[in-house]
Amino acid sequence: MAPLPQSRTDPDGSALIRVLSYNIRSMRDDTDALARVITACEADLVLIQEAPRFFRWRKKLARLARAADLVILTGGGTAAGPAILCSLRATVERAEDVLLPLTPGEHRRGFATAVVRFGGARVGVLSCHLSLRKDERYEQSGMLLDRLAGLGVDHAIAGGDLNEPPGGRTFARLAEGLQDCRATAPWGGEHTWTRTAPHRRIDAIFATKGIEVLGCGVPLDLPGVAEADLLGATDHLPVLAALRVPAA
């Protein structure tokens, strides 16, 4: 597997960034393994799903960020699970956590969102974890697209646990309006859910059309990412993308 390019800012102000999307199952598994995987991916932005939401959730998320040499940008309990971590390379313009309408008997869902700069590049970011119910999931995908459009930026990235594979109605809706980064530039592994058969790709990173996708997939053979850590960290596999964001 060819290596993904490293993060950098080019002379024209455009930025090459690494983005990681990862369902961490509320940090109920091997948190040391989780931190090692995140660290090895060297991401500028980490889009978290199922961040701790209850007792001392801020302290738990801060401990993970510190172990991976990152900082908390936004989200966690205030977004009902989604969160965004970032490296010190990011300049944060603003952040907002959004709670979605609650369906009685279902888990509360939300979005963690932000606008950040890397060099001369300005980009909107959204982390999501969509519903297990297909009709609600489809409605949430429309809210996601509306939220990205409302960030007021030319370029945006969304990532998360969609609870649906490609070909599903919700996945197709997002892939119609955005680039499915894995489909655009396949790299690494494909399936993000391997605990039960059939194995599926239900986690994804999407980008608006003006962003160049250099590679995206599960970092199975990335130096520093051990199979034992991937299996022990959580019940999902992460998705890593290298993206070039044009200067604003």
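## A glycine in a loop

Is Gly105 buried or exposed? In this predicted model, Gly105 is exposed, with a relative accessible area of 81%. You will find Gly105 in the loop that links strand S6 (91-99) to strand S7 (110-118). Asp44 sits 61 residues from Gly105 in sequence, and their C-alpha atoms are 36 Å apart in space.

## The sheet

Let's turn to the strands on either side of that loop. S6 and S7 pair in the antiparallel sense, with eight bridges between them, and Ala95 stands opposite Ala114 in S7. They belong to an open sheet of six strands with mixed pairing, ordered S6-S7-S8-S9-S11-S10. Its edges are S6 and strand S10 (179-180), each of which pairs on one side only.

Helix H3 packs on this sheet, where it touches S6, S7, strand S8 (121-129) and strand S9 (156-161). The direction of H3 makes about 25 degrees with that of S7. Helix H4, in turn, lies across S10 and strand S11 (203-207) and runs at about 25 degrees to S11.

## Two helices side by side

How do the two helices meet? H3 (residues 134-149) and H4 (residues 169-177) pack with their axes 9 Å apart, at an angle of about 15 degrees. That angle makes H3 roughly parallel to H4, and the crossing is right-handed.

On the H3 side, the contact includes Lys134, Asp135, Arg137 and Tyr138, while H4 brings Arg169, Thr170, Arg173 and Leu174. By type, the residues of the H3 contact with H4 divide into five charged, four nonpolar and three polar.

How values were computed
Residues numbered from 1 in each chain as written. Predicted model: local features only at pLDDT ≥ 70, side-chain atom pairs only at ≥ 80, totals over all residues. Heavy atoms only, no water. Helix = DSSP H or I, 4+ residues; strand = E, 2+ residues; numbered from the N terminus. Buried < 20%, exposed > 50% of the residue type's maximum accessible area, 1.4 Å probe, protein only. Axes fitted to C-alpha atoms, helices over the stretch in contact; angles between N-to-C directions. Parallel < 35°, antiparallel > 145°, perpendicular 65-115°, else oblique. Left-handed = near helix turned anticlockwise from the far one by under 90°. Contact = heavy atoms within 4.5 Å. Nonpolar A, V, L, I, M, F, W, Y, C, P; charged D, E, K, R; others polar. Pairing = 2+ DSSP bridges.
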